[in-house]
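I opened the notebook to record what I looked up in this structure. The entries follow the order in which I checked things.

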Amino acid sequence: MTELEARRAETLVPARGATTVWARYRDVLIALIAFAVLASLPLFTGSKALLDFVIRCSAYGLFATSLNLLVGYTGLTSFGHGMFFGLGAYSFGLIMQKLGVPIPIAFVATLAITGVVAAIIGAICVRLKEIYFAFVTLAFQMLIHSTILSWASFTGGDQGLRGGIPRPVFLGVDLSNHVHLYVASCALLILGLLAMRQIAQSPFGYTLRMIRDNAGRASFLGIDVWRAKLTVFVLAALFASMGGMVMALFVSGAYPEFAYWTISGEGIFINMLGGVSTFLGPMVGTVLLLLLNDTVTRFTEYHGIVLGIVILFFALGLRKGLLDFVAEWFAHRREAGEGR
Amino acid sequence: MTRTRRPGISRRSTLALMGAGAMTVAAPWVARAQAKTIKIGMPTILSGRVAQLGTSSRNAVMLEVEKVNAAGGLAGRQIEMVIRDSKGQPQEAARVARELVNTDGCELLIDAEASSGAFAVHEVARDLGVFCIHTNSETSALTADPKQHIPNAFRTARQGVHDSIVGGSYAAAIAKAKGLKKWATCSPDYAYGRDTTAEFTLYLKRFAPDVEIISESWPKLFQPDYTEVVTKILQAKPQALYSCLWGGDLTSYIDQANIYAMFGQMEVFAVNMADYTALTVVKNLPKGIHSGNRYIKTFPATPENAAWGDAYKAKYNEYPTNWSWENATAVMLMAEAAKKANAADGKKLAEALAGLTIKCPFGADGTVTMRAEDHTLVGYAIGWGTTIPQEPYVPEVKAGDWKTIFELEAEWKKSKGYT
């Protein structure tokens, strides 16, 4: 996967002048078009289920893509990323229930809380490598999950945040209206993806790739590896938290399951499905997983078997995520064409 | 120029594939049958650790729906059940519930979810305004808390607070008669375990003021090994033990405590013992464990109840569970409400259902009532008895007194700030 990106970098480097401007704004343009398409969807279809589907894709998509910043770009396989998803949902829900502040303030406050918590947890975790990193993040996740369960007077314990999350109107946006919630989720998804894309394509993003490929060399080049890892850990947590907030708005509550390890597991699974070497891989994985989940559970309660077979197919058959596979296939084709 | 045709997938077949894919994806969203049948959606737990209970809910509902359909359906409309697995995850329960209403065209919901899932579905019912009966959540706050109250949602499950009042008064009577003053508790460490134990001891002390709790154990939910808990209790030497462990946890606890001959050394009150899922699984069921009734075909000791339990067993080759009667009651109430309203429309059904009393095999006096003020089931059979190792397992059940339950429940609601 590194070769693939290196090749892409090569094609970008010589392009100067007018093409750089185009390259810089290309992502923004794509994002704008994507948002326009998604936002106009309710004009063409009255299907609430489709809108629900996209809202859930936004929540999981933000979460999975942020996890890919760690897994794919930095080589930090976090097994506890779900804690920030849960933290986002709970912080947002609790702030709205207890303080009744306008939604944007709760949104920013939640990001601030997540940022602080992620900085503390990250400071401890990113010193570790590989399996140790994975397990310590998992331990922190279980710590947060247990805290939610035991602190029942504040969090509602295993029953979750009850009574619904109030959604007062702000700036003409009424999130208790299904279409408004849908458009807001799409906006958050697109903004989040765009921001993460900028991070991934920035010099900082390439620093992360270098750390992933050879942390020792990065260190010799004068990069503070610990700081870079901590920064991306906190950034990824913020986007996961955004995903959690979208989910909290969708179900109008927050439940301990949001902070359980299974959510992190789903994130990893999504990344495996979609692929980690392309930016949109996790997004493709999200759509695939949710489609699979929604269609398979309609027909059988033995969905575990079906999903397991799909995982096996991807892990043993394709040996990579779907988008990785497609990207390589195209690269292969191009090579074959050029070879002629 | 030579590149007109490459091996691999052609553009045409790609388009065809995409088209087929789009059709598959869109088909469920397009389908919206609005025939004469009425669809009732039911999210429940059909996979994972409590799948057995979810399956028993589905069985009971299907048993009753067949009867209703044979008798002409809900106000003349045949019922079609759409039952989906939520995996016990609240976000899935919410999604499935929304999908059932928005996509599958279900006009009514039977929410057979436990704990947090029920609250998630409750929010969906609030959001969509769809008629909904919660059948499995025993958390009292679901209906007692006025913040939760919505006109279109009901509950046909037993309740934590009812169980505690009856259990507390039953245990207190025995404590006084046998002079049991030193008590220990052992319950799972999560909200249900903590709340139920606190409420039980509250009422136990109220009826028997000289009782004291000398030891508390809080094993984790789904804990495999109870040795430390058992030895801790044995060392404390209590005269009686209360536990609200349930299902597999309770059966492994009993099997392990049997090794230490614990049940000969103290009186044991295990509220969730008298359920066939526990009674039939324990290897050596000790004689004389006190338990609340969950579902048992001998209580209430009426031919109707016995017939219902036998019919269920004949059809599914196993006995019903606590969740079975709760779900069956939901269908019975819906059928009666539809008769009364002469409509199957959710709004009219809700109006007819509030305050409705029906004949029911699970009623303490042969009837159950959907209380109008808080939309929850009252008058169901509730009592305590002691176990024997073979059928009928709990030969005699002492019925709880609903008058006392109502009085103390009102007091409890006031203390919680609900009224």
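This is a predicted model: local features need pLDDT of at least 70, side-chain atom pairs count only at pLDDT 80 or more; totals for chains, interfaces and linings use all residues.

**Entry 1: overall form of chain B**

I listed the secondary structure next. Chain B has 14 helices and 16 strands. Of its 419 residues, 52% are buried. I also checked contacts in chain B between residues at least 6 apart in sequence, and 66% of them join residues at least 24 apart.

**Entry 2: the domains of chain B**

I looked up how chain B is divided. Domain 1 covers 38–159 + 302–378, and domain 2 covers 161–298 + 383–415. The centres of these two domains, taken over C-alpha atoms, are separated by 28 Å.

How many residues of domain 1 of chain B are in contact with domain 2 of chain B? I found 19 residues of domain 1 in contact with 14 residues of domain 2. On the domain 1 side, the elements that give two or more residues are α11 (303–316) and α12 (322–341) of chain B. The most come from α11(B), with four residues. By class, I noted seven nonpolar, nine polar and three charged residues on that side of domain 1.

**Entry 3: chain A**

I turned to chain A and wrote down 15 helices and zero strands. Its radius of gyration is 20 Å, close to the 20 Å that the globule rule gives for 340 residues, so chain A is as compact as a globular protein of that length. The C-alpha trace of chain A spans about 65 × 50 × 45 Å along its principal axes.

Buried residues make up 44% of the 340 residues in chain A. I checked its contacts with a separation of 6 or more, and residues 24 or more positions apart account for 78% of them.

**Entry 4: where the chains touch**

I counted 27 residues of chain A in contact with 30 residues of chain B. Which elements of chain A give two or more residues to the side that touches chain B? They are α3 (48–74), α11 and α13 (281–299) of chain A. I noted that α3(A) gives the most, with five residues. The classes on this side of chain A are eight nonpolar, eleven polar and eight charged residues.

**Entry 5: the largest nonpolar core**

Last, I looked up the largest nonpolar core and found 203 residues in it. The members that touch the most other members are A236(A), V246(A) and L109(B). Helix α11 (residues 225–251) of chain A supplies the largest share of this core, 17 residues. Why does the core lie between domain 1 and domain 2 of chain B? Both domains give residues to the core, so I recorded it as lying between them.

I followed one core member further. Leaving out residues up to four places away in sequence, V246(A) touches I55(A), S58(A), A59(A), L62(A), S185(A) and L188(A).

How values were computed:
Residues are numbered from 1 along each chain as its sequence is written. Chains are lettered from A and ligands numbered from 1 in the order in which they are written. A residue is buried if 20 or more other C-beta atoms lie within 10 Å of its own, exposed if 12 or fewer, and partly exposed in between; C-beta atoms are placed from the backbone. Two residues are in contact if their C-beta atoms, placed from the backbone, lie within 7 Å. A nonpolar core is a set of buried Ala, Val, Leu, Ile, Met, Phe, Trp, Tyr and Cys residues joined through C-beta atoms within 7 Å. Domain bounds come from an automatic or database domain assignment. Ala, Val, Leu, Ile, Met, Phe, Trp, Tyr, Cys and Pro count as nonpolar, Asp, Glu, Lys and Arg as charged, and the others, Gly among them, as polar. The radius of gyration is taken over C-alpha atoms; the globule rule is 2.2 Å times the number of residues to the power 0.38.
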